[in-house]
Amino acid sequence: FFFLNQIQDLLNMRMQILDVEDIIKNIDDGLNFFPVDNRTGSGIQNLRKRIQEIIKQDKTIQKEVPVAWMALFDILMSRRTDASFLSAKQVKECAIDVGIHQSGEIEAALTLFHERGFILRVCSTEVLRDIVVIRPQWILQRLCRALFLDIDWLDIDKIENVGLEDDFELAEAKALVSRDFLEYVWDNKQLPVDFLIDLMRYCMILSDWGFDRDGEYYLVPNLLRGTCDRAPQDALKCVFDFSDTFLPSGLFKRLLCLFVAYSGNQRKKYGDMIAEPELYENAGLIALEPAFVLQLREESEKIIIYIDDESLSSKCLALSRSMFLRLHSDTMNGGLSWSILLENTKSGMLQRYEEAQKMQLKPWFEDGVAMETSRSSVDLDQFVERDFHT
């Protein structure tokens, strides 16, 4: 109970700072959280009961739907016994069997099932659109195999026997995985490997590696090991500060994916003038232009961008803001909140973005005019190979 009280005290302090009101409390135990013991399962029943109580109060749960939709739902759930996913064609056939013939109505039903968490339905690419996952837990299991290489199922001897020892070493050393290695990891037996790759790309937990290697390779930032302690001394700083809220776990690695994708496309344009990124758990040195390498660093509740070429400060700021806006809308469901701090070259002090904008602080604002930094101003899809807008 001592540790539970410590957690309770920390949460109370944090909630006061964040002015949090909309939180579901653990009434039975008098806590602001629900302790669960993964070993014994203790606490799960209490959490489940509270979730069910809250769900019953949600008016959207009470939405009426056609009987045919429920019949389709029952068919999809029954297929879980022998399948984890179905093709869009198979789902359409199931829908027709229960009297749903219009494509729009089929998609509306699938969207509802997706929103309720019963299936996974993503339509951002043709590959993703062609698969309907009816057992979401299957997706988690498959993705974990690519995100973690130190779990029990991994058979090192078998990896050597199938000739993927070098691929495994590359994944461990540089977080780069080959398509062959992913097919092995996902036990490619009629599994939609292209679907899983596209899904990881869509979630920004994988990025195409656009640098010199024979075959298809991908960066999986979750596999990055080692830290970088050196930070540029004379470079300008742009700080994305999450101290007033919190920096979500994994956000920095998703940001690395976006910057690496951008750099890879620049490599296509400029060739060897764009250096291969140098990546760590907490940092990344990534070329954006010939002879210009930007450094990203994650420090506590901040992400710091170091820029050693003042002439590119405005462009880097615009690009970085656009990337954060994409993360904000596409992966965090609009739940991110941050402040931007820009270094004043004269005083060396950090100033809030709004203040810097008012005083037209150079070099962050070109010719006294702030560069547009909306998501549309820097078209992210120009450097991410496929369009993943939802």
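Which side chain meets glutamate 126 in a salt bridge? Arginine 129 does, at 2.7 Å from N to O. Here are some notes to go with the model.

1. Ground rules. This is a predicted model: local features need pLDDT of at least 70, side-chain atom pairs count only at pLDDT 80 or more, and totals for chains, interfaces and linings use all residues. Residues are numbered from 1 along each chain as its sequence is written, and side-chain values use heavy atoms, with hydrogens and water left out.

2. Overall picture. The chain holds 14 helices and twelve strands; helices (H or I, at least four residues) and strands (E, at least two) are DSSP runs, numbered from the N terminus. Its C-alpha trace spans about 70 × 55 × 45 Å along the principal axes. Of the 390 residues, 43% are buried, where buried means under 20% relative accessible area, exposed over 50%, and partly exposed in between (1.4 Å probe, protein chains only). Among contacts with a separation of 6 or more, 61% join residues 24 or more positions apart; a contact is heavy atoms within 4.5 Å.

3. Surface and charge. The chain has 44 positive and 64 negative charges, with mean positions 4 Å apart. Lys and Arg count as positive and Asp and Glu as negative, while His and the chain ends are not counted. Each charge is placed at NZ of Lys, CZ of Arg, CG of Asp or CD of Glu.

4. Salt bridges. The whole structure has 17 of them, each defined as a side-chain nitrogen of Lys or Arg within 4 Å of a carboxyl oxygen of Asp or Glu. Arg179, Glu183, Asp194 and Glu216 are linked in a network.

5. Glutamate 126 and arginine 129 are three residues apart in helix H6 (residues 126-129), so about one helical turn separates them. Here glutamate 126 is exposed at 62% relative accessibility, and arginine 129 is partly exposed at 30%. In helix H11 (residues 193-202), aspartate 198 and arginine 201 are also three residues apart, about one turn, and their side chains meet at 2.4 Å, N to O. Aspartate 198 is buried at 2%, as is arginine 201 at 7%.

6. Surface patches. Patches are made of residues with over 30% relative accessible area and no salt bridge; like charges are joined within 9 Å, nonpolar side chains (Val, Leu, Ile, Met, Phe, Trp, Tyr) within 5 Å. Asp155, Asp157, Glu160, Glu165, Asp166, Glu169 and Glu172 form a negative one, with the largest share, four residues, coming from H9. Aspartate 157 sits in helix H8 and is exposed at 53%. Ile51, Ile55 and Ile61 make a nonpolar patch of about 240 Å². Isoleucine 61 is in the loop between helix H2 (44-56) and helix H3 (67-78), partly exposed at 39%.

7. A buried serine. Serine 207, in strand E4 (residues 207-208), is buried at 4% relative accessibility. Beyond its neighbours within four places in sequence, serine 207 contacts Tyr218, Leu219, Cys257, Val260 and Ala261.

Note on methods. Accessible areas come from the Shrake-Rupley method with a 1.4 Å probe; for residues, only the protein chains shown count as cover.
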